[in-house]
Amino acid sequence: MSEGLARLAGRFGRLLGPDSVITDPVRLRTYECDGLTSHRASPGLVVLPDTAEQIAQIVRDCAAAGVPYVARGSGTGLSGGALPRTDGVLIVTSRMRRILEIDIPNRRAVVEPGVINLDVTRAVRADGYHFAPDPSSQQICSVGGNVAENSGGAHCLKYGFTAHHVLSCEVVTPDGEIVELAADGPGYDLLGVFVGAEGTLGIATKITVRLTRSPEAVRTLLAAFGSIEAGGGAVSAIIGAGVLPAAIEMMDALSIEAAEAAVRCEYPPGAGAVLIVELDGPESEVAHQFAEVERLCRDAGAFEIRVAADDAERALIWTGRKSAFAAMGRISPAYLVQDGVIPRTSLPRVLASIDALSAASGVRVANVFHAGDGNLHPLVLFDDAEPGAAERAEEVSGKILDLCIEHGGSITGEHGVGVDKSRYMPRMFTETDLDTMQMVRCGFDPAGLCNPGKVFPTPRLCGEVPGVRKGPHPYEGKADLF
Amino acid sequence: MRPLDALAEVCGDVRPGAPEEGVLGVVPGLVAAPATAAEAAGVMRVAAEHGLAVVPRGAETRLDWGTPPDRCDLLVDTHRLARIVEHASGDLVVTAEAGLALDELAAALAARGQRLALDRPLPGSTVGGTIAAAAAGPLRLLYGSPRDLVIGLTVVRADGEVARSGGKVVKNVAGYDLGRLFCGSSGTLGLIVEATFRLHPVPAAHAYVTCPVTGAAQAHEAVQSLLHSPIAPSAIEVLAPTPPSCTVGVLLEGVPEGVTARTAQATALLGPDAQVCEEPPEGWGLYPDGTTLLDVTAPPTSLTHLLTEIGADALTATWSAIGRGYVGLPAETAPDKAAAIIAGLREGLARHRGSAVVCYAPADVRAAIDFWGPVPAAKLMRQVKDQFDPGHRLSPGRFVGGI
């Protein structure tokens, strides 16, 4: 450990108590990666604060020492956004797990950043409410992490992402100040850019979330198709009919095979693709639209449709989908999870191109996706024991992102850029675009100590501001406006 | 070279400003109307080279909002940037230029059964102006405001560089979302030239259920019963031209069978005085009367307080159950009285985690009031502004704390 870090460790020990500072190399290694295990770095130092004031002091001390810091919630992120710095401090929010306030009349709750996503819903379910963002990791991921990543989930097709469900955040800025950023109220919508900034603009210490009225009715069906094209046709027909389902998920033959092997989900044999469509809302709306969705699936060539009669059957339908990633272990020694987005209407063309890519390279690709919003999760399979296989898989995975960009899509729909995809950012954005985004970064964190090395391939030097300042400072005499 | 000549080299429509084009009385030296994003970039580059203070102008529906600019050397008029760039109807996405009127956009989208789920309180207002003002109406309850519907944004920076963020797909977390940052930025961070929006299908059926109520407590009760019911309203509004008595209205949208059933539920919740109609009630989606307008953040549980307070001062209001509303002060309100009313409202709303920002006010009232109230993250806002506009030439003085 460097002398600077050792000094900080001493300070933090006095500030937080010795149980809240980790310096033992073995214990530090617990934190060496998040959900993206291919990138690892043992943090220089781990702290486990209890309060915003403590985080503010930690940030101020890091700033004074010029030491970088990274915030981490539950560490379930899939792009290495919480990858620690070996020369820095990892600030873990797992002790900040209090739900501070539940305010049903105003449909909101105030939580600490370490609160588990699903615990918010559990706390308000009896009142008929839930917290809408539902990433697959919702049983363990933290709300603070959701804020950083602007997390979505299967149901964000209808309900939107975390950004739509956060009303305000108390934030420790890289200056070490505690400020409130709100969606409403005077001034810039700094909250709007803070959510989804992957922890590079500060650390959320208190989050006011919007609670969503739970729907009166939920209905789910599973439709089996001979081919991905036919399934894609059904998706277009459903959306084209003006139906906005809560979720539309699709799996291809290879991912069905894996799920079958892993969890015996008993999807219809011989399916080239299965579609899961879930509708929710008022009973009277859902009943009518569900009948239409069934008809549209049949018209698009579904050879079998299963309708969940109750919650248990619904859970069974979802089992295959939810286990799809983990199930890849049954059909391949190793795999990469990709996360790309395309306009929904490009689905058939992009999937054909992925097929061609797979055939040409000999690398198998299983496709699982949020079909309603064109968010693909191709699973690139490889044998890590075979020399060069990982590199070939990585190459195919990268080419899939190129396909997404070619079709006007995005390199990430929900996993974030992190360290994993910063090198792809210049394929999607110009140098000026990236430079402009980093103006925000420079406004918040000119020293570049807050989760550095994430999102952007090259940091902007914050001194490099365009234009020349002339005349008196424009705020002169105006500070009393506040 | 004179600025006018330099601008004429990069833009086909440049002329001196006219006295009647003043922005809250500040007459622009020059007016440029670029027809393309490239021309807009050229104009902004020349403005940077000559140190010109720039104020963007759309359809002028909200040009009198905010505080007057410290100076306005150049008005950039977006009316020639008015094309629909792409309507990908199968993807429920549209890209439009900043100067396009929302009404025109709505007509084009409606022809294909789609809509941008934003109300249009002021006819003629543009894509760019709506984003810059973060303007929204009753539909905000279900669909959100511009920050929730803008999925891609192209701006020209203070230095004339063109920058884009977001994209053409709804689900996208690549890079910072500058679209949300620019929503409500009042022309102080850059010139918006093009935006991509998420769209929604036009519902097959809709109905308004309204009910007159005589007091603040009843209004609160009616709103709470609707808000926590499972009828999934698109909007819940309180229209209060003479508070505390007011009309509580709910908009239901969906399939015909569903709307019929939900209308019956809403009627049952609101009681025997409830009425069902296809047309919106008077004042729906409009700003309340008055020469001074306040945009208030007022969570549902502050409604009783809000209606009582403004009733006592004979003000007008509209309020959405998402917790946002507008309050109008009548023309005869004296400046010191206006200042006292605004301060009182702020104090009361602060107890409910709310706030009040002035949208517009007559010059004498403006001189007497604090336009913005307390701004919690003012320092950070200035730091961000300094990055985007280090010369403080973009709508200088139009925004919070002298920004």
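Reader: How many residues of chain A are in contact with chain B, and how many of chain B with chain A?
Author: In this predicted model, 80 residues of chain A are in contact with 80 residues of chain B. H16(A) gives the largest share of chain A's side, 9 residues. By class, that side has 34 nonpolar, 31 polar and 15 charged residues.

Reader: Why are H16(A) and H13(B) called oblique to each other?
Author: The axes of H16 (residues 431–444) of chain A and H13 (residues 378–388) of chain B cross at roughly 140 degrees. Roughly antiparallel needs an angle over 145, and roughly perpendicular runs from 65 to 115. The pair is therefore oblique. The crossing is right-handed, and the axes come within 8 Å.

Reader: Which residues of H16(A) and H13(B) meet there?
Author: From H16(A) come A:Met439, A:Val440, A:Cys442, A:Gly443 and A:Phe444, which meet B:Leu380, B:Gln383, B:Val384, B:Asp386, B:Gln387 and B:Phe388 of H13(B). Those residues divide into 7 nonpolar, 3 polar and 1 charged.

Reader: What makes the radius of gyration of chain B agree with that of a compact globule?
Author: For 403 residues, a compact globule would have a radius of gyration near 22 Å, and chain B has 22 Å, so the two agree. The C-alpha atoms of chain B fill a box of roughly 75 × 55 × 35 Å along the principal axes.

Reader: What share of the residues of chain B count as buried?
Author: Of the 403 residues, 61% count as buried, the cut-off being 20 or more other C-beta atoms within 10 Å.

Methods. Residues are numbered from 1 along each chain as its sequence is written. Chains are lettered from A and ligands numbered from 1 in the order in which they are written. This is a predicted model: local features need pLDDT of at least 70, side-chain atom pairs count only at pLDDT 80 or more; totals for chains, interfaces and linings use all residues. Axes are lines fitted to C-alpha atoms, for helices over the stretch in contact, and angles run from 0 to 180 degrees between N-to-C directions. Helices (H or I, at least four residues) and strands (E, at least two) are DSSP runs, numbered from the N terminus. Angles under 35 degrees count as roughly parallel, over 145 as roughly antiparallel, 65 to 115 as roughly perpendicular and the rest as oblique. A crossing is left-handed if the near helix is turned anticlockwise from the far one by less than a right angle, and right-handed if clockwise. Two residues are in contact if their C-beta atoms, placed from the backbone, lie within 7 Å. Ala, Val, Leu, Ile, Met, Phe, Trp, Tyr, Cys and Pro count as nonpolar, Asp, Glu, Lys and Arg as charged, and the others, Gly among them, as polar. The radius of gyration is taken over C-alpha atoms; the globule rule is 2.2 Å times the number of residues to the power 0.38. A residue is buried if 20 or more other C-beta atoms lie within 10 Å of its own, exposed if 12 or fewer, and partly exposed in between; C-beta atoms are placed from the backbone.
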